[in-house]
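Please walk me through some of the local backbone features and the packing of this structure, one question at a time.

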Amino acid sequence: MTGIGILGAGNISESYLSRAPLFAGIEVRAVADLDPARAAARAETFGVRAETVEGLLAAPDIDIVVNLTVPTAHHAVTCAILEAGKHAYSEKPLALTLADARDIAARADRAGRRVGCAPDTFLGASHQESRRLIDAGAVGRIVHGTCHVMSAGMEGWHPNPDFFFQAGGGPILDLGAYYVTQLINLIGPVTRVAAMTGTGAATRTIGSGARAGETITVEIPTTAHALLEFASGATVTLGASWDVQAHGHRNVELYGTEGTIAPQDPNFFGGTTEVIRPGGAVERFDAADHPLSVANRTTNDGAPRADYRTVGLADMAEAIRGGRPHRCALEMALHVTEVLEGILTSGEQGRFVTMATTCDRPAALDAEAARALMRADPVPA
Ligand SMILES: NC(=O)c1ccc[n+]([C@@H]2O[C@H](COP(=O)([O-])OP(=O)(O)OC[C@H]3O[C@@H](n4cnc5c(N)ncnc54)[C@H](O)[C@@H]3O)[C@@H](O)[C@H]2O)c1
């Protein structure tokens, strides 16, 4: 059993604390936050211990510390976790710059400890089904594609949305990681990027929670149109924006020599993959035999949703115990960091940015491999 400590008891910690019990080899034992009251509240709700940050890092029963702090703190906190002799699993982004991501990698190497990084949504049944179809040649060779991750922004629902609009936030760093990671899962690493970026509004108004009505300043681009060239030869456009009130684009379409595949939104785990044949006939694939296809919760508006955040952490814990590479790999997170940084750099400087890093595609997580990570088959909500 691998002991888990949660560092950062904000919004997303609820997901980790509620999902971790689905997985066989991990046990969340403690939670800590700069704000002890937040840690205490989460600890009470989920029946784990509250620790100080220092106490969590020193705790002998904790093997992996999960970094759920705000993006600007990710580098320093992950370094502190490694310094304490623990393995680190970070929410995305791994770091705000490639230089900081490389620093984490060097420290992990020196410490002989692992680093894993979200997103783990690409391990969802839907995305693994898309991958199975692509690998089986269902649409031939992927030549190009389009991705759209566009909304009006995050200030409407998140009670403390400041970080989304500061360095380290924005749709590219916040949401681009889901898309780039999924594209690496499906078609492999990126070789170069180009982009145009812009900012739709200088301020945003918080729409929920205790600070509703408060105005915050936007410090980063909130719209990016990026071009990605892959080592496979494929080219993909990625439109990421928080300046869109409504649209009709699919999240992802990949165009193959023999058809088109439409995987689901990589921000989530589940849903149907569509294959569109020449002439327009549509085939739908639900991966119903995959345990991570089960809709195990309902959204605020009552829609069923498969949500298996922590599967990447469970896979890393199992990989450490078994001495194999973990799927949410440090090398992939480094590469994703460089791709996202390259998009922002290209937007600022108006030039193509060639990647210095690369990575392998993560191993597929088929139904059997997913089941092996779980305590029991998930129960529909
Ligand atoms: N909220 C979501 O839906 C969501 C989804 C996916 C990923 N994420 C990622 O998870 C991370 C956290 O997001 P969130 O929404 O939970 O943020 P949040 O602001 O709600 O919570 C962050 C918490 O980290 C604590 N913190 C900040 N610096 C710290 C430090 N140095 N040491 C200890 N604690 C520290 C804060 O006190 C706060 O409680 C971000 O990287 C975000 O990108 C969030």
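Q: In which loop is the place of Pro93?
A: This is a predicted model, in which local features need pLDDT of at least 70 and side-chain atom pairs count only at pLDDT 80 or more, while totals for chains, interfaces and linings use all residues. Residues are numbered from 1 along each chain as its sequence is written, and side-chain values use heavy atoms, with hydrogens and water left out. Pro93 is joined to Lys92 by a cis peptide bond with omega of about -5°. Helices (H or I, at least four residues) and strands (E, at least two) are DSSP runs numbered from the N terminus, and in these terms Pro93 is placed in the loop between strand 5 (87-90) and helix 5 (98-111).

Q: Is Thr310 buried or exposed?
A: Thr310 lies in the loop between strand 18 (304-305) and helix 8 (311-322), and has a positive phi of about 100° although it is not a glycine. Buried means under 20% relative accessible area, exposed over 50%, and partly exposed in between (1.4 Å probe, protein chains only). Because its relative accessibility is 0%, Thr310 counts as buried.

Q: Why is helix 6 described as largely enclosed by the rest of the structure?
A: The buried residues of helix 6 include His127, Glu129 and Arg131. They pack against several elements, among them strand 7 (142-150) and helix 7 (170-187), where contact means heavy atoms within 4.5 Å. Helix 6 is largely enclosed because the buried residues number nine of the eleven.

Q: In which sense do strand 1 and strand 2 pair?
A: Strand 2 (residues 26-32) is mostly covered, with five of its seven residues buried. The chain reaches strand 2 from strand 1 through helix 1 (residues 13-19) in a right-handed β-α-β crossover, that is, with the strands pointing away from the viewer, the path from the first strand over the helix to the second runs clockwise. Two strands pair if DSSP finds at least two bridges between them, and strand 1 (residues 2-7) and strand 2 have six, in a sense that is parallel.

Q: What is the bridge partner of Val31 in strand 3?
A: Strand 2 and strand 3 (residues 49-50) run parallel and are joined by two bridges. In strand 3, the partner of Val31 is Ala50.
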